[in-house]
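Dear colleague,

I am handing over the structure below, together with a description of what I found in it. Please read the notes with the coordinates open beside them.

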Amino acid sequence: MSTDFKNSETRLNLMRAFAGESQARNRYTFAASEAKKQGMEVVEAVFTFTAGQEKEHAEIFYNYLAELAGENITVDGAYPVDISSSVLQLLRYAQHNEYEEYNDAYKNFGNKAKEEGFLNIANTFYSIAEIEKTHGNRFGRIADMLEQNKLYVSSVECKWMCLNCGHIYEGTTVPQNCPVCHHDKGYFIRLSMAPYEQHD
């Protein structure tokens with residue numbers, strides 16, 4: 001027998017998830033600003049891109065609460081304070097938090113929703129958990145490159161794209177400035193990681 005939604009734990013978990021996604025969006029927006037300030041425009045773009053997806057997750061969770069419009073929902077929760085001037089540390093914080101949502105929070109929220117008879121909500125929690133794993137992997141990959149001084153350097157010759165103008169450069173190290181638009185090296189990303197690039 002399914003639980004009445006107005007008295008369910010699932011409604012609380014949806015609000016917890018909404019709060020968590022909303023805060024993640026803001027944290028990533030703040031982290032993007034720090035990356036930009038330090039001339040890491042590619043890292044800024046990754047944080048901004050992910051922040052947009054977190055906003056969408058928040059909206060998905062929030063919309064499930066439509067029948068409770070006009071009410072207040074009180075929830076408890078622990079939320080991270082990820083403040084640092086180190087872009088590497090901000091990436092590691094983000095990686096950790098995304099994996100926590102994937103491995104713990106959303107799987108448990110999904111299980112509870114299933115137990116209470118809310119199968120659509122359960123499937124949404126499971127699906128978004130998988131997306132958070134992708135986010136964690138992406139943050140981790142960028143952090144590893146930064147840590148190993150490989151964000152703008154490759155051990156083998158490869159192609160790089162300037163995210164500002166789209167110029168493709170080939171080499172083991174990105175140029176200090178794009179030869180086309182003259183933006184600094186922080187705009188270059190491996191072509192294999194460039195947005196919307198077709199990979200043969």
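This is a predicted model: local features need pLDDT of at least 70, side-chain atom pairs count only at pLDDT 80 or more; totals for chains, interfaces and linings use all residues.

I begin with helix α2, which covers residues 41-63. Helix α2 has 23 residues and reaches 33 Å from its first C-alpha to its last, close to the 33 Å expected at 1.5 Å a residue. Its buried residues are E41, V42, V43, E44, V46, F47, T50, A51, E54, H57, A58 and F61, and these buried residues pack against α1, α3, α4 and β3. As a general point on such patterns, an α-helix has 3.6 residues a turn, so residues three or four places apart point the same way.

The C-alpha atom of K55 is separated by 17 Å from that of F139, a residue 84 places away along the chain.

The side chain of H57 has polar partners: a polar contact of 3.4 Å joins it to the side chain of E21, and another, of 3.2 Å, is made with the side chain of E132. Leaving aside residues up to four places away in sequence, H57 touches E21, I128, I131, E132 and H135.

Turning to the nonpolar cores, the largest has 33 residues, of which Y28, V43, F47, L91, F139 and I142 touch the most other members. The elements that give two or more residues to this core are α1 (9-37), α2, α3 (87-115), α4 (119-147), β1 and β3 (188-190). A second, separate core holds 19 residues, among them F5, L12, I121 and F125. In general terms, nonpolar side chains tend to be buried together in soluble globular proteins. F47, which is among the buried residues of α2, touches Y28, A31, A32, L90, L91, A94 and F139 when residues up to four places away in sequence are not counted.

The strands form an open sheet of three, in the order β2-β1-β3 and with antiparallel pairing. The edge strands are β2 and β3, each of which pairs on one side only, and the twist averages 40° from one strand to the next. Strand β1 (residues 153-162) pairs with strand β2 (residues 168-173) over five bridges, and C158 stands opposite G171 in β2. These two strands form a hairpin with five residues between them, and in its turn G166 has a positive phi of about 95°.

Finally, which residues other than glycine have a positive phi? One is N149, with a phi of about 55°, which sits in the loop between α4 and β1. Another is H182, whose phi is near 70° and whose place is in the loop between β2 and β3. N149 counts as exposed because its relative accessible area of 59% is over the 50% cut-off, and H182 is likewise exposed because its value is 55%.

With best regards

Definitions and conventions. Residues are numbered from 1 along each chain as its sequence is written. Side-chain values use heavy atoms; hydrogens and water are left out. Helices (H or I, at least four residues) and strands (E, at least two) are DSSP runs, numbered from the N terminus. Two strands pair if DSSP finds at least two bridges between them. A polar contact is a pair of N or O atoms within 3.5 Å; within protein, one must be able to donate a hydrogen and the other to accept it, and residues adjacent in sequence count only if both atoms are side-chain atoms. Contact means heavy atoms within 4.5 Å. A nonpolar core is a set of buried Ala, Val, Leu, Ile, Met, Phe, Trp, Tyr and Cys residues joined through side-chain atoms within 4.5 Å. Buried means under 20% relative accessible area, exposed over 50%, partly exposed in between (1.4 Å probe, protein chains only). Axes are lines fitted to C-alpha atoms, for helices over the stretch in contact, and angles run from 0 to 180 degrees between N-to-C directions. The expected span of a helix is 1.5 Å times one less than its number of residues.
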